[in-house]
Amino acid sequence: VTDDLPELASDQVYQAWFVRGETPVPAGTFATDDGSATALLSGGMATGDVIALTVEPAGGSEAPTTTPIVAIPTA
């Protein structure tokens, strides 16, 4: 669940990642509605993953092309 995220250009999306050590694993893309969104992460989370959020080209990327705007460590 997100709130207060900036609206992106029509050729961009937010993309979530599971970061395992140094390896980012795509976890889905989403857009916001007035800065808010609820997104279900795709794939399986592993113990110790960091959940990261980047801005990517529409359709998403195989690897992050921008620095994460959010990084949430998990246990």
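Author: Let us begin with D49: the model is a predicted one, and in it D49 has a relative accessibility of 1%. Buried means under 20%, so D49 counts as buried.

Reader: What makes the contact between R20 and D49 a salt bridge?

Author: The closest N and O atoms of R20 and D49 are 3.0 Å apart. The definition asks for a side-chain nitrogen of Lys or Arg within 4 Å of a carboxyl oxygen of Asp or Glu, and R20 with D49 therefore forms a salt bridge. A search of the whole structure finds one salt bridge.

Reader: Why is this pair said to tie together parts of the chain?

Author: R20 belongs to strand 1, whereas D49 belongs to the loop between strand 2 and strand 3. The two are 29 residues apart in sequence, so the pair ties those parts together.

Reader: Why is R20 called partly exposed?

Author: The relative accessibility of R20 is 32%.

Reader: What makes Y14 and F30 a stacked aromatic pair?

Author: By the rule for such pairs, the count comes to one. In that pair, Y14 and F30, the distance is 5.6 Å centre to centre, with 20° between the planes. Ring centres must lie within 6.5 Å, and planes under 30 degrees apart count as stacked; Y14 and F30 are therefore a stacked pair.

Reader: How do you know that the pair links distant parts of the chain?

Author: Y14 lies in strand 1 (residues 12-20) and F30 in strand 2 (residues 23-30), 16 residues apart. Both Y14 and F30 are buried.

Reader: Which class does W17 belong to, buried or exposed?

Author: W17, placed in strand 1, has a relative accessibility of 1%. The limit for buried is under 20%, so W17 counts as buried. Between W17 and E62 there are 45 residues in sequence, and 10 Å in space, C-alpha to C-alpha.

Reader: Why is Q15 called buried?

Author: Q15 is also found in strand 1. Its relative accessibility is 3%, and buried means under 20%, so Q15 counts as buried. Leaving aside neighbours within four places in sequence, Q15 is in contact with a list of residues including P26, T29, L53, E56 and G60. The C-alpha atoms of Q15 and G60 are separated by 6.4 Å, although the two residues are 45 residues apart along the chain.

Reader: What does I51 touch, and how far is I51 from F18?

Author: I51 lies in strand 3. Not counting residues up to four places away in sequence, I51 touches W17, F18, L41, M45, V70, A71, I72 and T74. From I51 to F18 the distance is 4.9 Å, C-alpha to C-alpha, for 33 residues in sequence.

Reader: Why is M45 called partly exposed?

Author: M45 lies in the loop between strand 2 and strand 3, and its relative accessible area is 45%. Beyond its neighbours within four places in sequence, M45 is in contact with F18, R20, I51 and T74.

Reader: Why are D4 and D34 called exposed?

Author: The relative accessible area of D4 is 68%, and the relative accessibility of D34 is 72%. Exposed means over 50%, so D4 and D34 are exposed. D4 lies in the segment before strand 1, while D34 is in the loop between strand 2 and strand 3. D4 has a positive phi of about 65° although it is not a glycine; D34, likewise a residue other than glycine, has a positive phi near 55°.

Reader: Which residues form a nonpolar patch on the surface?

Author: The patch consists of I69, V70 and I72, with about 230 Å² of accessible area together. A patch residue needs over 30% relative accessible area; I69, in the loop between strand 3 and strand 4, has 45% and so counts as partly exposed.

Reader: How confident is the predictor in this model?

Author: The average pLDDT is 95, and 100% of the residues score at least 70. Among the elements, strand 4 (residues 70-73) has the lowest mean pLDDT (96) and strand 3 (residues 50-57) the highest (98).

Notes:
Residues are numbered from 1 along each chain as its sequence is written. This is a predicted model: local features need pLDDT of at least 70, side-chain atom pairs count only at pLDDT 80 or more; totals for chains, interfaces and linings use all residues. Side-chain values use heavy atoms; hydrogens and water are left out. Rings of Phe, Tyr and Trp (its six-membered ring) pair if their centres lie within 6.5 Å; planes under 30 degrees apart count as stacked, over 60 as edge-to-face and the rest as tilted. Helices (H or I, at least four residues) and strands (E, at least two) are DSSP runs, numbered from the N terminus. Buried means under 20% relative accessible area, exposed over 50%, partly exposed in between (1.4 Å probe, protein chains only). pLDDT is the predictor's confidence in each residue, from 0 to 100. Patches are made of residues with over 30% relative accessible area and no salt bridge: like charges are joined within 9 Å, nonpolar side chains (Val, Leu, Ile, Met, Phe, Trp, Tyr) within 5 Å. Accessible areas come from the Shrake-Rupley method with a 1.4 Å probe; for residues, only the protein chains shown count as cover. Contact means heavy atoms within 4.5 Å.
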